[in-house]
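User: I'm new to this structure and would like to learn how to read it. Could you walk me through a few features?

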Amino acid sequence: MFGRVLIAQLKLSLRSKIYVFWTLAFPMILGTLFYFAFSSVYENNRSEPIPVVIEAEISLENHPFIKVLDDLEYEDGTRMIEKVDVSDHEEAEKLLGDGDIAGIITVSGLKDIYLEVNGMGVKHSILSGIISEYRAEVDKAVNEKSERPDEMMGEPSNSLSFVHEKSLGGENRDPFVTYFYNLIAMLAMMASIAALYTIVSNQANQSATGIRLDGSSVNKVFLELAQLAALMIIQSVITAIALSYYIYVLGVKYGGDTGLVYVTSISANLVGLSLGYLVAHIGKFSRDKKEALLMAVLLGGGFMAGLMLGDIKIWVEMNFPLFNRINPSAVITDAFYALNLYGVGPRYYRALIYIFGLSAVMTIAGLFLSRKNSYKSL
């Protein structure tokens, strides 16, 4: 029975032109637009020094972050960061408002570094990327040495390089690669819509097919798991096609081992499918209302994960780190970030554990709610 349902669901999904378009064609079109927009912008601006004002709440003598900024260079040898001297904060705010500087960086500790910008653009994204990678490098050093962060203040730090060297785990320092992480996360999250539609169609209060299934001897758990397995197979193939297009046609460098990039991308579909499965079993309201609930989760979670504004995820990580551990979109992008920044290691394996763990929790919760649903009359 499991195999018959799986094959039937495969045929049904592949015949849906809308499903194939939104899960395959649309991400590829969007990825092409991203590539031509961001690659040209980055190439045209990456050799220009970025003017910033550095404000300090502590002594900056021998501070690792300042040494990092001083050492950063583009491939042609041009210094990346130009520090602008000001007399006070008011002058810095005026320069920022007039567009004469790209940002104000406030340093109040080893990794307590904050960025103030006026708008979003290439230079702002680069600054945000530098700070994010510096914080990650500090965390990496602390984990390796098992020392208190304040004990590292006097140590030289030249291991972080944004463009010129490859001292971290991955190979892509282009700040816009995160948009291609987000594309894979979006593709995986679209799987939740397919799962929602498929499971809701089995429910007796939603369709005539559901009424027949509810009155039959079919094991609904087996039925739903077979349908999810079929969707997982289709999503895996679609993800592999889209990712191959990004890597081998557009030339996008995701960073890290290419095989693990594929593994991570395909595994991410588990999160999307399990989310759709869970939402499909919440309550007995109509499909439209469940779809609205799912879209709220997708859009809200995507926004908080930085899919729409990259700096939001950093803010969430600093203030509500637990939310990033249970936010499906953040869990997926974290895995790519860890692979590119750290390479294969504890941080990456931990990200994969979050993917599989969150998927398992949502699937089990969906199964529990499915067994509780019953219909006395229709």
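This is a predicted model: local features need pLDDT of at least 70, side-chain atom pairs count only at pLDDT 80 or more; totals for chains, interfaces and linings use all residues.

User: Is α9 mostly covered or mostly open?

Analyst: Count its buried residues, those under 20% relative accessible area. In α9, 17 of the 23 are buried, so by that cut-off the helix is mostly covered.

User: Which residues of α4 are buried?

Analyst: In α4 (residues 89-98), they are Ala 92, Leu 95 and Leu 96. Looking down the helix axis, you find them within an arc of 100°, so they line one face. The face turned away from that buried side carries exposed Glu 90 and Lys 94.

User: What do the buried residues of α4 pack against?

Analyst: Three strands: β1 (50-56), β3 (103-107) and β4 (113-116).

User: And how do I read the ends of α4?

Analyst: At the N-terminal end, Asp 88 is the cap, with a side-chain oxygen 3.3 Å from the backbone nitrogen of Glu 90. After the helix comes Gly 99, which has a positive phi, near 80°.

User: Which residues touch the most other members of the largest nonpolar core?

Analyst: That core has 59 residues, and the ones with the most such neighbours are Leu 243, Tyr 246, Tyr 254, Val 271, Leu 275, Ile 332 and Phe 336. Helix α6 gives the largest share, 15 residues. Apart from this core lies another, of 20 residues, including Val 68 and Ile 105.

Technical notes:
Residues are numbered from 1 along each chain as its sequence is written. Side-chain values use heavy atoms; hydrogens and water are left out. Buried means under 20% relative accessible area, exposed over 50%, partly exposed in between (1.4 Å probe, protein chains only). Helices (H or I, at least four residues) and strands (E, at least two) are DSSP runs, numbered from the N terminus. The arc is that of the directions from the helix axis to the C-beta atoms. Contact means heavy atoms within 4.5 Å. A polar contact is a pair of N or O atoms within 3.5 Å; within protein, one must be able to donate a hydrogen and the other to accept it, and residues adjacent in sequence count only if both atoms are side-chain atoms. A nonpolar core is a set of buried Ala, Val, Leu, Ile, Met, Phe, Trp, Tyr and Cys residues joined through side-chain atoms within 4.5 Å.
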